[in-house]
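Biologist: Hi! Could you walk me through this model in plain words?
Modeller: Happy to, here it is.
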Amino acid sequence: MSIFQIAWRSVRQRALASGLTSFSMGLGVLLVTAVLLVHGMVSKSFTDIKDLGYNMIAGAKGGKLQLVLNTTFYLSEPVENIPYTFYQEFLTKAEQEKELALMAPEKRGDLKDGTYAKNTEFAIPVCLGDYYKNYRVVGTLPKFFEDFKADNGTDPRYTFREGRNFKAWDEEHGYYEAVVGFVVAKQTGLKIGDKIAASHGGDPNDVHTDSPFTIVGILDPSGTPNDRAVFINMEGFYLMSGHAKVEENEKVGAEIGGSAVKRRQPLPIKQREVTAVLVRTSDPFSPIIIKNRVNEGNVAQIVMPVMEITSLFELIVTPIQTLLLVITVLICIVSGISILVSIYNSMNDRKREIAVMRALGARRTTVMGIVLTESIILSVGGGILGWMGAHILLACASPTIEAQTGVQIGLFDTAPLPRWLEVEVPAAIIENDWIGPFFSLELLIVPSLILLAVLVGFLPAYTAYRTDVAEALSSSP
(Lines give C-alpha, C1' and ligand atoms only; values in the text may rest on other atoms or scores of the structure.)
Protein backbone atom coordinates (compact mmCIF):
# COMPACT_ATOMS: atom_id res chain seq x y z
CA MET A 1 0.00 0.00 0.00
CA SER A 2 1.42 3.40 -0.99
CA ILE A 3 2.01 6.34 1.32
CA PHE A 4 -0.82 8.27 -0.37
CA GLN A 5 -3.31 5.42 0.16
CA ILE A 6 -2.42 5.15 3.84
CA ALA A 7 -2.73 8.93 4.28
CA TRP A 8 -6.06 8.98 2.43
CA ARG A 9 -7.42 6.16 4.62
CA SER A 10 -6.38 8.14 7.72
CA VAL A 11 -8.22 11.21 6.41
CA ARG A 12 -11.35 9.13 5.78
CA GLN A 13 -11.24 7.64 9.28
CA ARG A 14 -11.51 11.16 10.70
CA ALA A 15 -13.93 12.35 8.02
CA LEU A 16 -15.74 15.03 10.04
CA ALA A 17 -12.63 16.69 11.48
CA SER A 18 -10.78 16.39 8.17
CA GLY A 19 -13.75 17.79 6.24
CA LEU A 20 -14.12 20.84 8.47
CA THR A 21 -10.37 21.51 8.38
CA SER A 22 -10.26 21.21 4.58
CA PHE A 23 -13.39 23.38 4.31
CA SER A 24 -11.71 26.20 6.23
CA MET A 25 -8.80 26.07 3.79
CA GLY A 26 -11.26 26.10 0.89
CA LEU A 27 -12.88 29.29 2.16
CA GLY A 28 -9.50 30.99 2.34
CA VAL A 29 -8.57 29.95 -1.20
CA LEU A 30 -12.02 30.98 -2.42
CA LEU A 31 -11.42 34.50 -1.11
CA VAL A 32 -7.92 34.66 -2.60
CA THR A 33 -9.14 33.47 -6.00
CA ALA A 34 -12.14 35.82 -5.95
CA VAL A 35 -9.93 38.82 -5.18
CA LEU A 36 -7.52 37.86 -7.98
CA LEU A 37 -10.32 37.27 -10.48
CA VAL A 38 -12.27 40.43 -9.75
CA HIS A 39 -9.16 42.59 -9.79
CA GLY A 40 -7.94 40.92 -12.97
CA MET A 41 -11.21 41.33 -14.83
CA VAL A 42 -11.75 44.92 -13.68
CA SER A 43 -8.15 45.75 -14.52
CA LYS A 44 -8.57 44.23 -17.97
CA SER A 45 -11.79 46.12 -18.64
CA PHE A 46 -10.11 49.41 -17.72
CA THR A 47 -6.62 48.94 -19.11
CA ASP A 48 -7.59 47.29 -22.41
CA ILE A 49 -9.10 50.54 -23.66
CA LYS A 50 -6.86 50.32 -26.71
CA ASP A 51 -9.60 48.04 -28.03
CA LEU A 52 -11.97 51.02 -28.12
CA GLY A 53 -10.12 52.36 -31.14
CA TYR A 54 -8.81 55.80 -30.11
CA ASN A 55 -5.72 56.98 -28.29
CA MET A 56 -6.59 60.56 -27.27
CA ILE A 57 -9.51 62.44 -25.77
CA ALA A 58 -9.98 66.17 -26.22
CA GLY A 59 -12.18 67.86 -23.64
CA ALA A 60 -12.59 70.87 -21.37
CA LYS A 61 -9.75 71.77 -19.06
CA GLY A 62 -10.03 70.28 -15.59
CA GLY A 63 -9.55 66.86 -14.09
CA LYS A 64 -7.86 64.52 -16.57
CA LEU A 65 -9.04 61.35 -14.87
CA GLN A 66 -12.60 62.63 -14.64
CA LEU A 67 -12.57 63.34 -18.38
CA VAL A 68 -11.49 59.75 -19.10
CA LEU A 69 -13.97 58.17 -16.68
CA ASN A 70 -16.80 60.30 -18.03
CA THR A 71 -16.07 59.94 -21.74
CA THR A 72 -14.79 56.37 -21.96
CA PHE A 73 -16.51 54.57 -19.10
CA TYR A 74 -19.55 56.82 -18.48
CA LEU A 75 -18.78 56.76 -14.75
CA SER A 76 -18.55 60.45 -13.96
CA GLU A 77 -20.34 63.68 -14.80
CA PRO A 78 -19.16 66.12 -17.50
CA VAL A 79 -17.85 69.37 -16.08
CA GLU A 80 -17.84 71.70 -19.07
CA ASN A 81 -18.14 71.64 -22.86
CA ILE A 82 -15.84 72.80 -25.62
CA PRO A 83 -16.79 74.71 -28.79
CA TYR A 84 -17.84 72.73 -31.85
CA THR A 85 -15.27 74.70 -33.81
CA PHE A 86 -12.53 73.03 -31.77
CA TYR A 87 -13.80 69.64 -32.93
CA GLN A 88 -13.53 70.91 -36.52
CA GLU A 89 -9.79 71.45 -36.00
CA PHE A 90 -9.41 67.67 -36.42
CA LEU A 91 -11.31 67.53 -39.73
CA THR A 92 -10.46 68.38 -43.30
CA LYS A 93 -12.63 70.83 -45.19
CA ALA A 94 -14.19 67.96 -47.16
CA GLU A 95 -15.09 66.10 -43.98
CA GLN A 96 -16.70 69.20 -42.51
CA GLU A 97 -18.75 69.84 -45.63
CA LYS A 98 -19.96 66.23 -45.62
CA GLU A 99 -21.04 66.35 -41.97
CA LEU A 100 -22.77 69.74 -42.38
CA ALA A 101 -24.51 68.96 -45.69
CA LEU A 102 -27.96 69.42 -44.09
CA MET A 103 -27.07 72.88 -42.77
CA ALA A 104 -27.63 76.06 -44.73
CA PRO A 105 -24.28 77.39 -46.09
CA GLU A 106 -24.63 80.69 -44.23
CA LYS A 107 -24.89 78.78 -40.92
CA ARG A 108 -21.68 76.83 -41.42
CA GLY A 109 -19.23 79.67 -41.28
CA ASP A 110 -15.92 79.69 -43.15
CA LEU A 111 -14.87 76.05 -43.54
CA LYS A 112 -11.20 75.13 -43.97
CA ASP A 113 -8.87 72.30 -43.14
CA GLY A 114 -8.44 71.94 -39.38
CA THR A 115 -5.11 72.58 -37.71
CA TYR A 116 -4.71 68.91 -36.69
CA ALA A 117 -6.48 67.30 -39.67
CA LYS A 118 -3.24 66.03 -41.21
CA ASN A 119 -2.32 64.31 -37.92
CA THR A 120 -5.72 62.69 -37.42
CA GLU A 121 -7.00 59.39 -38.74
CA PHE A 122 -10.47 60.14 -37.42
CA ALA A 123 -12.17 62.29 -34.77
CA ILE A 124 -15.59 61.57 -33.29
CA PRO A 125 -17.53 64.07 -31.15
CA VAL A 126 -19.63 63.01 -28.17
CA CYS A 127 -22.23 65.03 -26.27
CA LEU A 128 -23.09 63.86 -22.76
CA GLY A 129 -25.32 64.94 -19.90
CA ASP A 130 -28.62 63.13 -20.50
CA TYR A 131 -29.85 59.75 -19.29
CA TYR A 132 -32.39 57.12 -20.19
CA LYS A 133 -33.34 55.60 -16.85
CA ASN A 134 -29.95 54.75 -15.31
CA TYR A 135 -28.07 54.56 -18.59
CA ARG A 136 -25.99 57.30 -20.15
CA VAL A 137 -27.26 58.89 -23.35
CA VAL A 138 -24.48 59.67 -25.82
CA GLY A 139 -25.07 62.13 -28.63
CA THR A 140 -22.71 61.38 -31.51
CA LEU A 141 -22.49 60.86 -35.25
CA PRO A 142 -23.11 57.70 -37.32
CA LYS A 143 -19.35 57.35 -37.81
CA PHE A 144 -19.08 56.25 -34.16
CA PHE A 145 -20.08 52.79 -35.42
CA GLU A 146 -18.32 53.12 -38.78
CA ASP A 147 -14.79 54.33 -38.06
CA PHE A 148 -13.90 52.03 -35.15
CA LYS A 149 -12.43 48.83 -36.57
CA ALA A 150 -11.83 45.37 -35.14
CA ASP A 151 -8.34 43.96 -34.57
CA ASN A 152 -8.06 42.90 -38.23
CA GLY A 153 -8.38 46.55 -39.27
CA THR A 154 -11.23 45.98 -41.73
CA ASP A 155 -14.33 44.68 -39.94
CA PRO A 156 -16.33 47.13 -37.80
CA ARG A 157 -15.56 47.10 -34.08
CA TYR A 158 -19.25 47.29 -33.21
CA THR A 159 -21.83 45.15 -34.96
CA PHE A 160 -25.61 45.07 -34.76
CA ARG A 161 -27.60 42.23 -33.27
CA GLU A 162 -30.74 43.79 -34.69
CA GLY A 163 -31.49 46.71 -36.96
CA ARG A 164 -28.96 49.24 -38.26
CA ASN A 165 -26.92 52.29 -37.44
CA PHE A 166 -28.76 55.58 -36.97
CA LYS A 167 -28.61 58.22 -39.70
CA ALA A 168 -27.97 61.96 -39.53
CA TRP A 169 -31.30 62.40 -41.33
CA ASP A 170 -33.95 59.83 -42.13
CA GLU A 171 -37.07 60.36 -44.16
CA GLU A 172 -39.20 58.49 -41.62
CA HIS A 173 -37.71 59.51 -38.27
CA GLY A 174 -36.00 62.77 -39.11
CA TYR A 175 -33.10 63.56 -36.77
CA TYR A 176 -34.44 61.36 -33.99
CA GLU A 177 -32.92 57.90 -34.32
CA ALA A 178 -31.13 55.93 -31.62
CA VAL A 179 -29.02 52.80 -31.10
CA VAL A 180 -28.90 51.00 -27.74
CA GLY A 181 -26.19 48.83 -26.23
CA PHE A 182 -26.73 45.13 -25.62
CA VAL A 183 -27.00 45.43 -21.82
CA VAL A 184 -29.47 48.32 -22.08
CA ALA A 185 -31.73 46.35 -24.43
CA LYS A 186 -31.49 43.24 -22.26
CA GLN A 187 -32.23 45.03 -18.99
CA THR A 188 -34.99 47.34 -20.23
CA GLY A 189 -36.63 45.12 -22.87
CA LEU A 190 -36.29 47.79 -25.56
CA LYS A 191 -36.71 46.62 -29.14
CA ILE A 192 -36.55 48.01 -32.64
CA GLY A 193 -39.22 50.64 -33.24
CA ASP A 194 -39.64 51.65 -29.59
CA LYS A 195 -39.50 55.35 -28.75
CA ILE A 196 -37.48 56.68 -25.82
CA ALA A 197 -37.17 60.12 -24.25
CA ALA A 198 -34.00 61.19 -22.48
CA SER A 199 -34.02 63.03 -19.15
CA HIS A 200 -31.83 66.08 -18.75
CA GLY A 201 -29.03 65.40 -16.28
CA GLY A 202 -30.82 62.31 -15.00
CA ASP A 203 -33.65 64.40 -13.51
CA PRO A 204 -36.86 62.31 -13.81
CA ASN A 205 -38.88 65.52 -13.75
CA ASP A 206 -37.04 66.99 -16.74
CA VAL A 207 -37.72 64.53 -19.58
CA HIS A 208 -37.50 65.60 -23.22
CA THR A 209 -40.94 64.25 -24.09
CA ASP A 210 -41.13 66.66 -27.04
CA SER A 211 -38.13 64.95 -28.70
CA PRO A 212 -38.54 61.16 -28.55
CA PHE A 213 -35.98 59.03 -30.39
CA THR A 214 -36.88 55.88 -32.32
CA ILE A 215 -34.66 52.84 -31.75
CA VAL A 216 -33.35 51.57 -35.08
CA GLY A 217 -30.50 49.33 -33.88
CA ILE A 218 -29.38 47.09 -31.00
CA LEU A 219 -25.65 46.36 -30.64
CA ASP A 220 -24.05 42.98 -30.22
CA PRO A 221 -22.28 42.58 -26.85
CA SER A 222 -18.79 44.06 -27.07
CA GLY A 223 -17.53 43.77 -23.50
CA THR A 224 -17.02 47.55 -23.38
CA PRO A 225 -18.84 50.34 -21.52
CA ASN A 226 -20.77 50.98 -24.74
CA ASP A 227 -22.92 47.96 -23.92
CA ARG A 228 -24.44 50.13 -21.17
CA ALA A 229 -25.14 53.26 -23.21
CA VAL A 230 -27.83 54.71 -25.46
CA PHE A 231 -26.53 56.42 -28.61
CA ILE A 232 -28.60 59.09 -30.30
CA ASN A 233 -28.08 61.18 -33.40
CA MET A 234 -26.14 64.29 -32.40
CA GLU A 235 -28.26 66.49 -34.68
CA GLY A 236 -31.32 65.44 -32.71
CA PHE A 237 -29.44 65.92 -29.44
CA TYR A 238 -28.77 69.56 -30.33
CA LEU A 239 -32.43 70.21 -31.14
CA MET A 240 -33.70 69.05 -27.73
CA SER A 241 -34.72 71.85 -25.38
CA GLY A 242 -31.89 73.30 -23.33
CA HIS A 243 -29.09 71.88 -25.51
CA ALA A 244 -28.42 74.96 -27.61
CA LYS A 245 -25.62 77.28 -26.49
CA VAL A 246 -28.02 80.23 -26.80
CA GLU A 247 -31.76 80.35 -26.26
CA GLU A 248 -32.73 81.16 -29.83
CA ASN A 249 -33.30 77.98 -31.85
CA GLU A 250 -34.00 78.57 -35.53
CA LYS A 251 -36.62 76.30 -37.12
CA VAL A 252 -37.55 75.59 -40.74
CA GLY A 253 -40.88 73.95 -41.43
CA ALA A 254 -40.46 73.22 -45.14
CA GLU A 255 -40.74 69.61 -46.24
CA ILE A 256 -37.78 68.12 -48.08
CA GLY A 257 -38.31 65.73 -50.99
CA GLY A 258 -41.94 65.10 -50.16
CA SER A 259 -41.03 63.70 -46.74
CA ALA A 260 -43.80 63.30 -44.19
CA VAL A 261 -41.37 64.62 -41.57
CA LYS A 262 -40.84 68.35 -41.46
CA ARG A 263 -37.13 69.02 -41.22
CA ARG A 264 -35.89 71.59 -38.77
CA GLN A 265 -32.74 73.40 -39.73
CA PRO A 266 -29.77 71.89 -37.84
CA LEU A 267 -28.42 73.94 -34.98
CA PRO A 268 -25.98 76.60 -36.24
CA ILE A 269 -22.27 76.12 -35.58
CA LYS A 270 -22.07 79.04 -33.17
CA GLN A 271 -24.74 77.46 -30.96
CA ARG A 272 -23.06 74.05 -30.78
CA GLU A 273 -20.80 72.55 -28.15
CA VAL A 274 -19.42 69.06 -27.59
CA THR A 275 -18.42 67.33 -24.37
CA ALA A 276 -15.36 65.63 -25.81
CA VAL A 277 -13.72 64.43 -29.01
CA LEU A 278 -12.39 60.88 -29.43
CA VAL A 279 -9.27 61.06 -31.59
CA ARG A 280 -7.17 58.45 -33.32
CA THR A 281 -3.94 59.86 -34.65
CA SER A 282 -2.37 58.89 -37.96
CA ASP A 283 1.18 58.26 -36.69
CA PRO A 284 3.03 57.68 -33.38
CA PHE A 285 4.41 61.22 -33.15
CA SER A 286 1.14 63.11 -33.63
CA PRO A 287 -0.13 62.66 -30.04
CA ILE A 288 2.86 64.55 -28.70
CA ILE A 289 2.49 67.34 -31.26
CA ILE A 290 -1.26 67.75 -30.71
CA LYS A 291 -1.08 67.44 -26.92
CA ASN A 292 1.57 70.12 -26.55
CA ARG A 293 -0.19 72.62 -28.81
CA VAL A 294 -3.67 72.11 -27.35
CA ASN A 295 -2.64 72.05 -23.68
CA GLU A 296 -0.74 75.32 -24.08
CA GLY A 297 -4.00 77.04 -25.03
CA ASN A 298 -7.02 77.84 -22.89
CA VAL A 299 -9.79 76.18 -24.93
CA ALA A 300 -9.32 72.48 -24.24
CA GLN A 301 -6.94 69.79 -23.06
CA ILE A 302 -5.68 66.51 -24.53
CA VAL A 303 -5.69 63.41 -22.34
CA MET A 304 -4.12 60.02 -23.02
CA PRO A 305 -6.64 57.49 -21.62
CA VAL A 306 -4.10 54.67 -21.18
CA MET A 307 -1.79 56.84 -19.09
CA GLU A 308 -4.57 58.09 -16.83
CA ILE A 309 -6.05 54.66 -16.15
CA THR A 310 -2.59 53.19 -15.54
CA SER A 311 -1.90 55.93 -12.99
CA LEU A 312 -5.25 55.27 -11.31
CA PHE A 313 -4.43 51.60 -10.86
CA GLU A 314 -0.88 52.20 -9.67
CA LEU A 315 -1.85 54.84 -7.11
CA ILE A 316 -5.20 53.58 -5.80
CA VAL A 317 -6.53 50.28 -7.11
CA THR A 318 -3.37 48.17 -6.88
CA PRO A 319 -2.62 49.09 -3.21
CA ILE A 320 -6.22 48.23 -2.26
CA GLN A 321 -6.00 44.94 -4.13
CA THR A 322 -2.69 44.17 -2.41
CA LEU A 323 -4.23 44.84 1.01
CA LEU A 324 -7.19 42.55 0.26
CA LEU A 325 -4.82 39.90 -1.04
CA VAL A 326 -2.70 40.07 2.11
CA ILE A 327 -5.81 39.69 4.27
CA THR A 328 -7.02 36.67 2.31
CA VAL A 329 -3.56 35.06 2.38
CA LEU A 330 -3.54 35.49 6.16
CA ILE A 331 -6.88 33.68 6.24
CA CYS A 332 -5.26 30.80 4.34
CA ILE A 333 -2.39 30.76 6.82
CA VAL A 334 -4.84 30.60 9.72
CA SER A 335 -6.57 27.71 7.91
CA GLY A 336 -3.17 26.05 7.57
CA ILE A 337 -2.63 26.39 11.30
CA SER A 338 -5.98 24.68 11.84
CA ILE A 339 -4.61 21.75 9.81
CA LEU A 340 -1.58 21.67 12.10
CA VAL A 341 -3.76 21.68 15.20
CA SER A 342 -6.09 19.01 13.82
CA ILE A 343 -3.31 16.58 12.90
CA TYR A 344 -1.22 17.32 15.98
CA ASN A 345 -4.15 16.70 18.32
CA SER A 346 -4.77 13.37 16.63
CA MET A 347 -1.19 12.19 17.14
CA ASN A 348 -1.80 11.08 20.73
CA ASP A 349 -4.60 8.78 19.56
CA ARG A 350 -2.47 7.48 16.70
CA LYS A 351 0.70 6.59 18.62
CA ARG A 352 -0.26 2.92 18.83
CA GLU A 353 -1.16 2.90 15.12
CA ILE A 354 2.21 4.42 14.25
CA ALA A 355 4.01 1.98 16.54
CA VAL A 356 2.31 -0.96 14.80
CA MET A 357 3.42 0.33 11.40
CA ARG A 358 6.95 0.70 12.72
CA ALA A 359 6.87 -2.80 14.19
CA LEU A 360 5.77 -4.16 10.80
CA GLY A 361 8.85 -2.63 9.17
CA ALA A 362 7.87 0.93 8.27
CA ARG A 363 10.75 3.39 8.50
CA ARG A 364 10.64 6.63 10.45
CA THR A 365 10.81 8.60 7.19
CA THR A 366 7.85 6.62 5.84
CA VAL A 367 5.74 7.48 8.87
CA MET A 368 6.79 11.11 8.59
CA GLY A 369 5.90 11.09 4.88
CA ILE A 370 2.42 9.70 5.64
CA VAL A 371 1.67 12.58 8.02
CA LEU A 372 3.02 15.18 5.57
CA THR A 373 0.95 13.62 2.75
CA GLU A 374 -2.13 13.80 4.95
CA SER A 375 -1.48 17.52 5.51
CA ILE A 376 -1.05 18.05 1.76
CA ILE A 377 -4.31 16.20 1.01
CA LEU A 378 -6.26 18.41 3.42
CA SER A 379 -4.64 21.60 2.16
CA VAL A 380 -4.68 20.98 -1.59
CA GLY A 381 -8.07 19.25 -1.52
CA GLY A 382 -9.70 22.18 0.24
CA GLY A 383 -7.81 24.62 -1.98
CA ILE A 384 -9.05 23.03 -5.20
CA LEU A 385 -12.63 23.08 -3.93
CA GLY A 386 -12.21 26.76 -2.97
CA TRP A 387 -10.73 27.58 -6.38
CA MET A 388 -13.62 25.89 -8.16
CA GLY A 389 -16.10 27.56 -5.82
CA ALA A 390 -14.74 31.01 -6.60
CA HIS A 391 -15.07 30.47 -10.37
CA ILE A 392 -18.58 29.05 -10.06
CA LEU A 393 -19.67 31.82 -7.66
CA LEU A 394 -18.42 34.64 -9.90
CA ALA A 395 -19.82 32.97 -13.02
CA CYS A 396 -23.25 32.81 -11.36
CA ALA A 397 -22.93 36.46 -10.32
CA SER A 398 -21.64 37.53 -13.76
CA PRO A 399 -25.04 38.70 -15.14
CA THR A 400 -25.54 41.01 -12.16
CA ILE A 401 -21.95 42.26 -12.27
CA GLU A 402 -22.19 42.89 -16.01
CA ALA A 403 -25.48 44.77 -15.65
CA GLN A 404 -24.05 47.06 -12.98
CA THR A 405 -20.49 47.56 -14.24
CA GLY A 406 -20.25 46.13 -17.76
CA VAL A 407 -17.50 43.74 -16.64
CA GLN A 408 -17.93 40.24 -18.03
CA ILE A 409 -16.62 37.30 -15.96
CA GLY A 410 -16.74 33.84 -17.51
CA LEU A 411 -16.49 30.48 -15.76
CA PHE A 412 -13.00 29.83 -17.13
CA ASP A 413 -11.62 33.37 -16.91
CA THR A 414 -8.36 33.47 -15.00
CA ALA A 415 -6.44 36.08 -13.06
CA PRO A 416 -3.59 37.58 -15.13
CA LEU A 417 0.03 37.37 -14.03
CA PRO A 418 1.47 40.41 -12.24
CA ARG A 419 4.03 42.42 -14.17
CA TRP A 420 7.00 40.95 -12.31
CA LEU A 421 5.92 37.45 -13.36
CA GLU A 422 4.96 38.20 -16.94
CA VAL A 423 6.67 36.05 -19.55
CA GLU A 424 6.90 36.29 -23.29
CA VAL A 425 4.40 33.86 -24.79
CA PRO A 426 4.46 33.08 -28.55
CA ALA A 427 1.50 34.51 -30.44
CA ALA A 428 0.54 31.05 -31.69
CA ILE A 429 0.11 29.91 -28.08
CA ILE A 430 -1.84 32.99 -27.00
CA GLU A 431 -4.39 32.35 -29.75
CA ASN A 432 -5.34 29.05 -28.09
CA ASP A 433 -7.95 29.76 -25.41
CA TRP A 434 -7.12 26.56 -23.49
CA ILE A 435 -3.64 27.83 -22.67
CA GLY A 436 -5.00 30.71 -20.52
CA PRO A 437 -5.05 28.93 -17.13
CA PHE A 438 -1.40 27.92 -17.57
CA PHE A 439 -0.29 31.56 -17.77
CA SER A 440 -2.32 32.84 -14.84
CA LEU A 441 -1.53 34.02 -11.35
CA GLU A 442 -3.74 31.18 -10.16
CA LEU A 443 -1.07 28.67 -11.17
CA LEU A 444 0.75 29.72 -7.98
CA ILE A 445 -2.09 28.56 -5.73
CA VAL A 446 -1.39 24.80 -5.75
CA PRO A 447 2.40 25.09 -5.19
CA SER A 448 1.73 27.60 -2.42
CA LEU A 449 -0.76 25.24 -0.76
CA ILE A 450 1.71 22.34 -0.94
CA LEU A 451 4.42 24.51 0.64
CA LEU A 452 1.99 25.65 3.35
CA ALA A 453 0.92 22.04 3.99
CA VAL A 454 4.55 20.91 4.38
CA LEU A 455 5.31 23.75 6.78
CA VAL A 456 2.27 23.22 9.02
CA GLY A 457 2.54 19.43 8.78
CA PHE A 458 6.18 19.31 9.79
CA LEU A 459 5.55 19.48 13.56
CA PRO A 460 3.04 16.58 13.72
CA ALA A 461 5.17 14.66 11.20
CA TYR A 462 8.24 15.15 13.37
CA THR A 463 6.20 14.00 16.38
CA ALA A 464 5.34 10.82 14.48
CA TYR A 465 8.99 10.46 13.54
CA ARG A 466 10.01 10.58 17.22
CA THR A 467 7.37 8.08 18.40
CA ASP A 468 8.85 5.42 20.74
CA VAL A 469 7.66 2.03 19.46
CA ALA A 470 8.15 0.08 22.69
CA GLU A 471 6.44 2.70 24.85
CA ALA A 472 3.50 3.04 22.46
CA LEU A 473 2.94 -0.73 22.21
CA SER A 474 3.23 -1.28 25.94
CA SER A 475 0.68 1.41 26.78
CA SER A 476 -2.93 0.36 27.21
CA PRO A 477 -5.13 0.75 24.06
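Biologist: Let's start with Tyr74: does Tyr74 count as buried or exposed?
Modeller: Tyr74 counts as buried, because its relative accessibility is 12%. Buried means under 20% relative accessible area, exposed over 50% and partly exposed in between, with a 1.4 Å probe and protein chains only. A word on the source: this is a predicted model, where local features need pLDDT of at least 70, side-chain atom pairs count only at pLDDT 80 or more, and totals for chains, interfaces and linings use all residues. Residues are numbered from 1 along each chain as its sequence is written, and side-chain values use heavy atoms, with hydrogens and water left out.
Biologist: Thanks! Where does Tyr74 lie?
Modeller: Tyr74 sits in the loop between helix H3 (64–72) and strand S2 (82–83). Helices (H or I, at least four residues) and strands (E, at least two) are DSSP runs, numbered from the N terminus.
Biologist: And what is the phi of Tyr74?
Modeller: The phi of Tyr74 is near 55 degrees, a positive value in a residue other than glycine. Most residues other than glycine have a negative phi.
Biologist: Which loop holds Lys133?
Modeller: Lys133 is in the loop between strand S3 (120–132) and strand S4 (135–140). Its phi is also positive, near 55 degrees, and Lys133 is not a glycine either.
Biologist: Is Lys133 buried or exposed?
Modeller: Lys133 is exposed, because its relative accessible area is 54%.
Biologist: New topic! Which helix is Thr33 in?
Modeller: Thr33 belongs to helix H2 (residues 15–47). With a relative accessible area of 0%, Thr33 is buried.
Biologist: What is Thr33 in contact with?
Modeller: Leaving aside neighbours within four places in sequence, Thr33 is in contact with Trp387, Ala390, His391, Glu442 and Ile445. Contact means heavy atoms within 4.5 Å.
Biologist: Now the strands. How many residues of strand S9 are buried?
Modeller: In strand S9 (residues 213–219), 7 of the 7 residues are buried, so S9 is largely enclosed by the rest of the structure.
Biologist: Which sense does S6 take in pairing with S9, parallel or antiparallel?
Modeller: Strand S6 (residues 177–180) pairs with S9 in the parallel sense over 4 bridges, and Glu177 has Thr214 as its bridge partner in S9. Two strands pair if DSSP finds at least two bridges between them.
Biologist: What about S5 and S7 with S9?
Modeller: Strand S5 (residues 160–163) pairs with S9 in the antiparallel sense over 3 bridges, with Glu162 partnered by Ile218. Strand S7 (residues 195–196) is antiparallel to S9 too, over 2 bridges, and Ile196 stands opposite Phe213.
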